[in-house]
Amino acid sequence: MKEKMIAVVGATGAQGGGLARAILADPEGGFAVRAITRDPGSERALALARLGAEIVTADLDDESALADAFAGAHGAFLVTAFMEHFSAAVEKAHASNMARAAKATGLKHVIWSTLEDTRDFIALDDPRMPTLQGEYKVPHFDAKGESDRAFAELAVPTTLLYTSFYWDNLIHYGLGPKPGPDGVLVFALPMGTHKMPGIAAEDIGRCAYGIFRAGRDYHGRPVGIAGEHLTGAQMAASLAVALGREVRYQAVPIEALRNSGAPGAAELANMYQFKQEFEQAYCARRSTEASRKLNPDLLTFDGWLAQHHDRIPLE
């Protein structure tokens, strides 16, 4: 039986890379990978090629190149990279380019990695949260959520995939616990006592693979994924067990983050405020049960820590 080709945007990143590896690890699954990247000579691209992926060069700024990359594929996994440009306008342009290329090439199933448009929850003129970039509350959320319409208006058969906080951020973005003045590790998070959905980055790709395998059952459906919903205190307790050291949770006040002067602080503060104030709706959209149905090997936070605790920098 001919394999169904899945074109994977961001194949050298966290989400797309996880999907590419999930497909390539299942040679009897009936799918193949076309890894789309701007740098086909990168080590990550070469590693996927060694596993059996087809490597294709395309940029999200170039709709024509995307159409060429999608040509002949059964489906595509589509994701943007806001942290490379920090522009909601660029984010929306990239999503529109991908939607039009998907329509032009007749893809049978698209997974669009999206997030909530927070303006559906809190009005722009609501003084509880400052407006950013002139028309957004949380630009990297809102631009993705607004872009959902590009796929709907073109009638592209799409699954909207709502992702969660990557636990891998504790490794790569310095969000893991750090020693306090008394030497005790402090895990700081601007979530107060609220729960936050989290997931292993690799499991995002595995869940996406489950969606492609299910096919038409997920056309037009929103799917939210998470490994667990945990408070900061619960995460600190798990970190303490995994690291074999005391870990104290510090609930960072939203205003302290907003006024910290750190790069992107205003947007991050709004994001964490949104997750706190709309905790029930945000968590409800991300079902651990639905995620496990798609990916039976879904990791809990403790499971992720068992595999990766020694990679978390503590200084």
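Is Ile 312 buried or exposed? Ile 312 is buried, with a relative accessible area of 6%; buried here means under 20% relative accessible area, exposed means over 50%, and partly exposed is in between, with a 1.4 Å probe and protein chains only. Before we go on, note that this is a predicted model, in which local features need pLDDT of at least 70 and side-chain atom pairs count only at pLDDT 80 or more, while totals for chains, interfaces and linings use all residues. Residues are numbered from 1 along each chain as its sequence is written, and side-chain values use heavy atoms, with hydrogens and water left out.

Back to Ile 312, which sits in the segment after helix H13 (301–308). Helices (H or I, at least four residues) and strands (E, at least two) are DSSP runs, numbered from the N terminus. Setting aside residues up to four places away in sequence, Ile 312 touches Leu 170, Ile 171, Gly 176, Pro 177, Leu 239, Trp 304 and Leu 305, where contact means heavy atoms within 4.5 Å. Its C-alpha atom is separated by 37 Å from that of Glu 135, 177 residues apart along the chain.

Next, follow the loop between helix H12 (288–294) and H13, where you will find Asn 295. Asn 295 is buried, at a relative accessible area of 5%. Leaving aside its neighbours within four places in sequence, Asn 295 is in contact with Asp 203, Arg 206 and Cys 207.

Asn 295 also leads us to the second largest pocket, being among the residues closest to its centre, together with Ala 22, Arg 206, Tyr 209 and Asp 297; 13 residues line this pocket. A pocket is found on a 1 Å grid over the protein atoms alone, as an open set of points where a 1.4 Å probe fits, with protein on both sides within 12 Å along at least five of seven lines; lining residues have an atom within 4 Å of a point. The elements that give two or more residues to this lining are helix H1 (14–24) and helix H7 (201–214), and the largest share, 4 residues, comes from H7.

What about the cysteines? Cys 207 is buried, with a relative accessible area of 0%, and Cys 283 is buried too, at 10%. A disulfide is a pair of cysteine sulfur atoms within 2.5 Å, and by this rule the count comes to 0 disulfides. For Cys 207, the nearest cysteine sulfur is that of Cys 283, 16 Å away.

Now turn to strand S6 (residues 158–162), which holds Thr 158. At 8% relative accessibility, Thr 158 counts as buried. Its side chain reaches the backbone oxygen of Val 156 at 2.8 Å, a polar contact (a pair of N or O atoms within 3.5 Å; within protein, one must be able to donate a hydrogen and the other to accept it, and residues adjacent in sequence count only if both atoms are side-chain atoms). Beyond four places in sequence, the residues that Thr 158 touches include Val 110, Trp 112 and Tyr 218.

Our last stop is helix H3 (residues 63–70), whose buried residues are Ala 65, Leu 66, Ala 67, Ala 69 and Phe 70. Among the elements covering them are strand S1 (4–9), strand S2 (31–37) and helix H4 (88–104). Asp 62 caps the N-terminal end of H3, with a side-chain oxygen 3.2 Å from the backbone nitrogen of Ser 64. H3 is followed by Gly 72, whose phi is positive, near 80 degrees.
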